[in-house]
Amino acid sequence: MKKASANVARFLEESAERVPDVCAIRLPRGRNSAGDILYRELSFAELNNTTAAAAEIFREKGIGTGTRTLLMARPGWDLILAAFALFRIGAVPVAIDPGMGLGKFLRCVRKTRPEALVGIPLAIWSRRIFRKTFSSVKTTVAVGTKKFEKSLQEVRDAGRGSRRKIVKRKPEDLAAILFTSGSTGAAKGVRYTHGMFDAQRKIIRDFYKINTGEIDLPLLPIFALFNPALGMTTITPEMNPAKPATLDPEKIVRAIRQNGVTNSFGSPVLWRKIAEFCDSRGETLPQIRRILCAGIAVRPAVMSLLKKVLPNAEIHSPYGATENLPVADVTAETVVAETGALTLAGFGTCAGTIVPGNRVRIVATTNEILETFGATTNPKEKFRGFVVGEICVNGPTTTKSYDNDNSATRHAKIRDLADNSLWHRMGDLGYFDNKGRLWFLGRKVERVVTRAGTLYTEACEPVFDAHPAVFRSALIGIVAGDDVVPAMVFELRAGTPKSDHARILAELREIAAKCESTRDIKKFLIFPKKFPVDVRHNAKIHRLSIRKFYEKKFRSGAD
């Protein structure tokens with residue numbers, strides 16, 4: 001008996017067979033006189049046929065099974081179309097955040113050595129400018145152009161693409177290379193197999209109880225790729241994906257209401273902005289059934305506000321990483337009723353219960369390579385009465401290696417001799433509470449180790465973020481001779497007058513003195529501009545950049 005193909009492109013084809021006339025994607029194309037958003041719509045059958053046509057064009061250009069293809073398409077229609085077309089022919093999409101900075105982006109391209117480039121004309125043009133970096137690229141296809149749309153129509157009319165079957169793939173075959181954000185180190189290419197994507201789709205569908213026919217508004221573009229496989233309609237949001245923090249909440253709220261959106265994934269920064277907009281107008285969004293809020297830890301105050309403006313929604317904060325997602329999950333109900341108070345008392349942020357299928361363990365904090373588990377990996381460090389260490393996970397979506405980066409792979413993986421499986425070191429610190437819930441204390445590289453002890457970002461920052469004038473805060477360690485001085489740096493809410501700074505700092509010092517996790521911090525600083533953050537979520541703070549800013553400032557003798 002022949003085994004069925006594991007190619008993830010099959011999910012779109014199945015949706016097209018099951019619900020051919022249901023809308024798969026809506027693309028904004030302007031407004032009418034009443035201000036309503038006008039959309040271009042494609043059904044699942046149309047999306048599948050168009051994807052088959054795009055696959056035929058790619059194939060005719062020389063892209064085939066196993067071809068590493070740098071994907072630089074616009075979020076929404078172009079991204080979904082190109083990704084599933086590449087999956088369909090067994091090619092390997094390579095996704096890199098262009099907003100991580102030109103230098104970092106080009107390093108990722110050189111490391112991956114893509115053989116083809118599918119992207120917008122600007123991406124094709126950049127290949128000509130940086131010839132050495134793109135020297136491995138032999139084939140280019142410009143998408144999102146009138147010429148490409150015309151070619152798609154010609155292939156569809158001729159029925160060429162629909163005649164070919166999806167290329168068969170095994171679960172262990174490489175499906176895509178997705179780069180990490182690089183917010184706390186060098187960005188790394190994570191190797192995803194078709195089997196891992198399959199497992200991730202199943203976990204997301206089953207754990208979050210997502211039903212065919214739901215309507216999703218993805219505020220993180222890459223998550224739109226799950227929708228065709230889940231049978232959800234994708235509403236492309238009116239926002240700049242390269243600068244998500246510039247999102248206009250009015251446009252998002254209008255899209256939610258106009259389309260009856262039931263589901264959305266976005267960072268806490270974006271959902272905080274949307275929730276504050278609704279709350280200021282006394283409005284709610286009762287049609288939403290579920291939101292997944294991730295990228296950074298969600299503060300208790302944000303959870304409370306989301307419950308207020310989303311009265312019928314299940315509000316989830318999944319914990320995970322590009323290398324393994326989702327690992328654990330906590331709901332707004334749990335945060336508001338119980339764990340939020342502990343977060344404000346300096347115990348860290350509750351990541352919640354472990355998602356079924358995953359195994360999680362805490363190992364001793366070290367920067368050394370850990371080949372296997374053993375006595376040296378047992379954690380001994382204590383925090384507020386709990387054993388703390390690095391979070392490690394093993395499950396069906398645990399990726400096994402980084403692309404062309406053996407050193408990073410060795411540092412990030414641990415071999416379990418009991419069953420010969422690989423565990424992933426998350427690079428995060430945490431602990432289990434007495435109820436078996438996982439707690440997150442922050443990134444390992446961002447902890448502050450002093451002579452007096454170790455301070456953790458997630459045990460300190462939420463304590464101060466609750467102050468009404470604080471937009472967000474960052475714990476940093478400033479090197480001073482042979483010691484490290486812990487300091488809290490604050491980004492205040494927009495419009496806070498400078499005349500209030502002294503009073504606010506005095507209040508923050510009082511807060512620090514009352515909490516066991518923060519009482520040893522004596523230096524408090526107000527950042528002169530917005531915090532540097534990651535491009536993907538516009539939420540992860542570049543604490544190391546902030547530390548360098550102040551170390552340079554203090555070396556120069558500035559106050």
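Reader: What should I know before I start?

Author: The model is predicted, so local features need pLDDT of at least 70 and side-chain atom pairs count only at pLDDT 80 or more, while totals for chains, interfaces and linings use all residues. Residues are numbered from 1 along each chain as its sequence is written, and side-chain values use heavy atoms, with hydrogens and water left out.

Reader: Is L122 buried or exposed?

Author: Buried means under 20% relative accessible area, exposed over 50%, partly exposed in between (1.4 Å probe, protein chains only). L122 has 55%, so L122 counts as exposed.

Reader: Which residues gather in the positive patch?

Author: K104, R107, R110, K132 and K548. Helix α4 (residues 102-112) gives the most, three residues. K132 is in the loop between α5 and β6, and it counts as exposed because its relative accessibility is 77%.

Reader: How do I read strand β11?

Author: Two strands pair if DSSP finds at least two bridges between them. Strand β11 (residues 263-266) runs parallel to β12 (residues 290-293), with four bridges joining them. S264 stands opposite I291. N263 and F265 point one way, S264 and G266 the other, and all are buried.

Definitions and conventions: Patch = residues over 30% accessible without salt bridge, like charges linked within 9 Å, V, L, I, M, F, W, Y side chains within 5 Å. Areas by Shrake-Rupley, 256 points an atom, 1.4 Å probe, with all protein chains shown as cover. Salt bridge = Lys/Arg side-chain N within 4 Å of Asp/Glu carboxyl O. Lys, Arg positive; Asp, Glu negative; His and termini not counted. Charge placed at Lys NZ, Arg CZ, Asp CG, Glu CD. Helix = DSSP H or I, 4+ residues; strand = E, 2+ residues; numbered from the N terminus.
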